[in-house]
Amino acid sequence: MADKISMIVFTGTDDKMIPVGVISQAAAALGYEVYIFFTGWAMFKLLKQPMGEVWPKEFEGMVPKLKEGMARLKAPSWKDMLKQAKSMGAKVYVCSMMAEAAGLKKEDFDPTLVDDVVGVTTFLEQAKGGQVLFI
Amino acid sequence: MADKISMIVFTGTDDKMIPVGVISQAAAALGYEVYIFFTGWAMFKLLKQPMGEVWPKEFEGMVPKLKEGMARLKAPSWKDMLKQAKSMGAKVYVCSMMAEAAGLKKEDFDPTLVDDVVGVTTFLEQAKGGQVLFI
Amino acid sequence: MADKISMIVFTGTDDKMIPVGVISQAAAALGYEVYIFFTGWAMFKLLKQPMGEVWPKEFEGMVPKLKEGMARLKAPSWKDMLKQAKSMGAKVYVCSMMAEAAGLKKEDFDPTLVDDVVGVTTFLEQAKGGQVLFI
């Protein structure tokens, strides 16, 4: 059986989107099954009209240097890394309960990023037997 | 052997209590063994006289809409979801080291939510072989 | 095969360094293989000249009582717990991509804390088959 890594992405600040992109891309390239479940504030990053940038208040002063460094490395954006992961088989879901609470439907989400809107039970069954990160 | 999911609940903002309730309830309903270890700031949510609401500074402006949406769905509170999970076998612990650092004893915690105050070693041994989330 | 627990340490506020120390020390004492991958803001806590204290804005008012309680218990610092874990075999890595984005090299990090600067792929392969926490 293939190794499997799943992520529940909740926090929603832009800093934590970087590891979502990096880990999903790296794990997919290693041949892992990858399942990513967006919920909470992070879900709003996947809209066709996504939420603007949000950085943690505690580290705001360090953000310009981080962005500058990522640009210098020509690092792809987290969305581009997520798309690379998807091209290798990763699946990206949005939490149906949180979407409904926010009045959002499947067609509100960017179809190049989101595969489906599903319940947590569906996600847990796909994640079964693998590693799971809460981000 | 049954599937097993464990959570270390640390962050303590009210947004992240929602997935604690949702995941524990859903996993218990799927027949998973569920172990939840409250520590850090989250521990204060389980007191008989719990800490008031605390929301992440970055998303404060979005909280009224979230609450309104959860009310519209008639979603149970995270405490009610946790109680449902407990009625299906989930166990809820408080970290003995953090409780002692805060001058708290078992009798300070709501007995309808908390099963016991234990050390991290006890928790790790129960969580062994299963999935673990740090929330 | 020994049990294995790995951590991706990203958030970087001082409160969340406590469980990094506690869990790595406890798991190493239980005989687990322990792999810890520092990235994001947390990486700056491992510099020879580390970043100063940073506490979550939401709980700043509770920090003096937490520190007082930890001092009363004579709890070791998270760095001392991490060193104890390392003396029992735990390995501590810094993310090469984030280090490079920040213009940091292996020699900028405290060698009593950091074993090596590696890529996420190396970390994922070491973490394979074990529990993983994102902190």
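**Aromatic pairs, salt bridges and an interface**

F10(B) and F134(B) are both buried. In this predicted model, their rings form a pair with centres 5.9 Å apart and planes at 25°; planes under 30 degrees apart count as stacked, so this pair is stacked. The two residues come from distant parts of chain B: F10(B) sits in the loop between β1 (4-9) and α1 (17-29), F134(B) belongs to strand β5 (residues 131-134), and 124 residues separate them.

Over all chains, the count of aromatic pairs comes to 9. One of them joins W41(A) and F59(B), whose ring centres are 5.1 Å apart and whose planes stand at 0°, so this pair too is stacked. Here the pair crosses between chains. W41(A) is in the loop between β2 (33-38) and α2 (63-72) of chain A, and F59(B) is in the loop between β2 (33-38) and α2 (63-72) of chain B. W41(A) and F59(B) are both buried.

F59(B) leads on to the interface of chain B with chain A. In chain B, 30 residues are in contact with 30 residues of chain A. About 2500 Å² of area is buried between the two chains, and carbon and sulfur atoms give 74% of that area. On the chain B side, the residues that lose the most area to chain A are E58(B), F59(B) and Q131(B), which together make up 24% of what that side buries.

Which charged residues pair across this interface in a salt bridge? The interface of chain B and chain A holds 1 salt bridge. K128(A) pairs with D3(B), and their closest N and O atoms are 3.7 Å apart.

The arrangement of the chains can be described by a rotation. Turning by 120°, with 0.0 Å of shift along the axis, superposes chain C on chain A with an RMSD of 0.0 Å. That relation is the one of a three-fold axis.

Salt bridges also occur within single chains, and the count over all chains comes to 18. In chain B, K45(B) forms a salt bridge with D14(B), with the closest N and O atoms 2.6 Å apart. The pair links distant parts of the chain, from K45(B) in the loop between β2 and α2 to D14(B) in the loop between β1 and α1, 31 residues apart. Are these two residues buried or exposed? K45(B) has a relative accessible area of 3% and therefore counts as buried. D14(B), at 9%, is buried as well.

Another salt bridge of chain B joins K106(B) and D116(B), where the closest N and O atoms are 3.6 Å apart. K106(B) lies in the loop between α4 (96-101) and β4 (116-118) and D116(B) in strand β4, so the pair ties together parts 10 residues apart in sequence. K106(B) counts as partly exposed because its relative accessibility is 45%. D116(B) is partly exposed too, with a relative accessible area of 30%.

Chain C has a salt bridge between K106(C) and D116(C), with the closest N and O atoms 3.6 Å apart. K106(C) is in the loop between α4 (96-101) and β4 (116-118) of chain C, and D116(C) is in strand β4 of that chain. K106(C), at 43% relative accessibility, counts as partly exposed, and D116(C) is partly exposed at 30%.

An unreviewed UniProt entry places the feature "transmembrane region" at residues 20-44 of chain A. In the model, the end C-alpha atoms of that span lie 15 Å apart, and the span is 40% helix and 24% strand.

Definitions and conventions:
Residues are numbered from 1 along each chain as its sequence is written. Chains are lettered from A and ligands numbered from 1 in the order in which they are written. This is a predicted model: local features need pLDDT of at least 70, side-chain atom pairs count only at pLDDT 80 or more; totals for chains, interfaces and linings use all residues. Side-chain values use heavy atoms; hydrogens and water are left out. Copies are superposed by least squares on the C-alpha atoms of residues with pLDDT of at least 70 in both. Rings of Phe, Tyr and Trp (its six-membered ring) pair if their centres lie within 6.5 Å; planes under 30 degrees apart count as stacked, over 60 as edge-to-face and the rest as tilted. Helices (H or I, at least four residues) and strands (E, at least two) are DSSP runs, numbered from the N terminus. Buried means under 20% relative accessible area, exposed over 50%, partly exposed in between (1.4 Å probe, protein chains only). UniProt positions are given in the numbering used here, feature names are shortened, and annotations may be inferred rather than shown by experiment. Contact means heavy atoms within 4.5 Å. Buried area is the accessible area (1.4 Å probe) that two parts lose on being put together, summed over both. A salt bridge is a side-chain nitrogen of Lys or Arg within 4 Å of a carboxyl oxygen of Asp or Glu.
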